[in-house]
Amino acid sequence: MVQEVVGALIGVGCAGLVYLAAAVRIVKQYERGVVFRLGRLAGEVRAPGMAVIVPFVDRLHKVNMQIVTLPIPAQEGITRDNVTVRVDAVVYFKVVDAANAVVAVEDYRFAVSQMAQTSLRSIIGKSDLDDLLSNREKLNQGLELMIDSPAIGWGVQIDRVEIKDVSLPDAMKRSMARQAEADRDRRARIINADAELQASRKLAEAAQQMEHTPAALQLRLLQTVTAVAAEKNSTLVLPFPVELLRFLEKAQQGPPAPPPAGVPGRAPEQTAAPAVEGPEESGDDSALTPVRSAADAVSARPAVPAVEE
């Protein structure tokens, strides 16, 4: 009799252990437990720790509450300015309502992925190429708003959306490269023209200063000669300044001669030089002057007879 009681107790204990093992569930810190009792949502969401359910009656679903990183496959589309591009992105989201994430949508991960792809294609069609390349922050905000609007009813919150890469055709890349090169060439020419304008203004100011002080031009010329002569690898052609010629001309003229003495208040009379008569007017060969010009002497030579071969 005692043995039967002990066996019964052992059986009850084993059954209790099996029941307890089937009834106890462990929910981790980053998870929440949703219990379905006979197919219906039972009670509140179970907090982290040990959760006890009714075996074979309750069914516990664990929902991860961590931030999920979901890559969006590259989507090919045509922008508003008719450029074909491929854009891929990444979505960061988390579950904020575990019950809705299990009840309201069949698979919230797949639903968020499909919504992100659709929204990305819509953003590509509404944007220009320049916006995709340079104004990504605004596009990220618009894409996040488009995905987050339906996801709120699923118990999912979109934390952040980022466009990772924009792939362009090779022809468009070459066109953009030529455009960037032309723009840089234009800016270089503008900068060069501005430099020439500033230099011309400074040279004009220097020319005005040298005009008032002619010695400054001579000093600048000497400095230039010194700078060129220091290289010792070029031929120097030195121009002769006109100012130096004027200085030498003034030095040769000397001081003005004093006027001849005469009657006070009366200008001295000028003596007229005697006129020399030519051979046609005088008729006398002895009256010709012995001085002849070089042209007359050459013309007076006897002609040399030509030698015939």
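The following questions and answers walk through a predicted model of one protein chain.

Biologist: How many helices and how many strands are there in the protein chain?
Modeller: In this predicted model, the protein chain has 309 residues, of which 20% count as buried. Among its contacts with a separation of 6 or more, 63% are between residues 24 or more positions apart. As for the elements themselves, the protein chain holds 10 helices and eight strands.

Biologist: Within what arc do the buried residues of helix α5 fall when seen down its axis?
Modeller: Helix α5 covers residues 136-151, and its 16 residues reach 22 Å from the first C-alpha to the last, close to the 22 Å expected at 1.5 Å a residue. Its buried residues are Leu139, Asn140, Leu143, Ile147, Asp148 and Ala151. An α-helix has 3.6 residues a turn, so residues three or four places apart point the same way. The buried residues of α5 line one face of the helix, because, seen down the axis, they fall within an arc of 160 degrees.

Biologist: Which exposed residues does α5 carry on the face turned away from its buried side?
Modeller: On the buried side, the residues of α5 pack against β7 (84-95), α3 (108-126), α4 (129-134) and β8 (156-167). The face turned away from that side carries exposed residues, namely Lys138, Gln141 and Leu145.

Biologist: Are the rings of phenylalanine 93 and tyrosine 108 stacked or edge-to-face?
Modeller: The count of aromatic pairs comes to one. Phenylalanine 93 lies in strand β7 and tyrosine 108 in helix α3, so the pair ties together parts that are 15 residues apart in sequence. Phenylalanine 93 counts as buried at 0% relative accessibility, and tyrosine 108 is also buried, with a relative accessible area of 12%. Because the ring centres are 6.4 Å apart and the planes stand at 85 degrees, the pair is edge-to-face.

Biologist: Which residue is the bridge partner of glycine 77 in β7?
Modeller: Strands of a sheet pair through backbone hydrogen bonds, either parallel or antiparallel. Strands β6 and β7 run antiparallel and are joined by nine bridges. Across this pairing, the partner of glycine 77 in β7 is valine 85.

Biologist: Is asparagine 82 buried or exposed?
Modeller: Asparagine 82 is found in the loop between β6 (68-78) and β7. In this hairpin, which has five residues between the strands, asparagine 82 takes a positive phi near 60 degrees. Its C-alpha atom is separated by 9.0 Å from that of glycine 125, which is 43 residues apart from it along the chain. Since a residue needs over 50% relative accessible area to count as exposed, asparagine 82, at 67% relative accessibility, is exposed.

Methods. Residues numbered from 1 in each chain as written. Predicted model: local features only at pLDDT ≥ 70, side-chain atom pairs only at ≥ 80, totals over all residues. Heavy atoms only, no water. Helix = DSSP H or I, 4+ residues; strand = E, 2+ residues; numbered from the N terminus. Buried < 20%, exposed > 50% of the residue type's maximum accessible area, 1.4 Å probe, protein only. Contact = heavy atoms within 4.5 Å. Expected span 1.5 Å × (residues − 1). Arc of directions from axis to C-beta. Phe/Tyr/Trp six-rings, centres within 6.5 Å; stacked < 30°, edge-to-face > 60°. Pairing = 2+ DSSP bridges.
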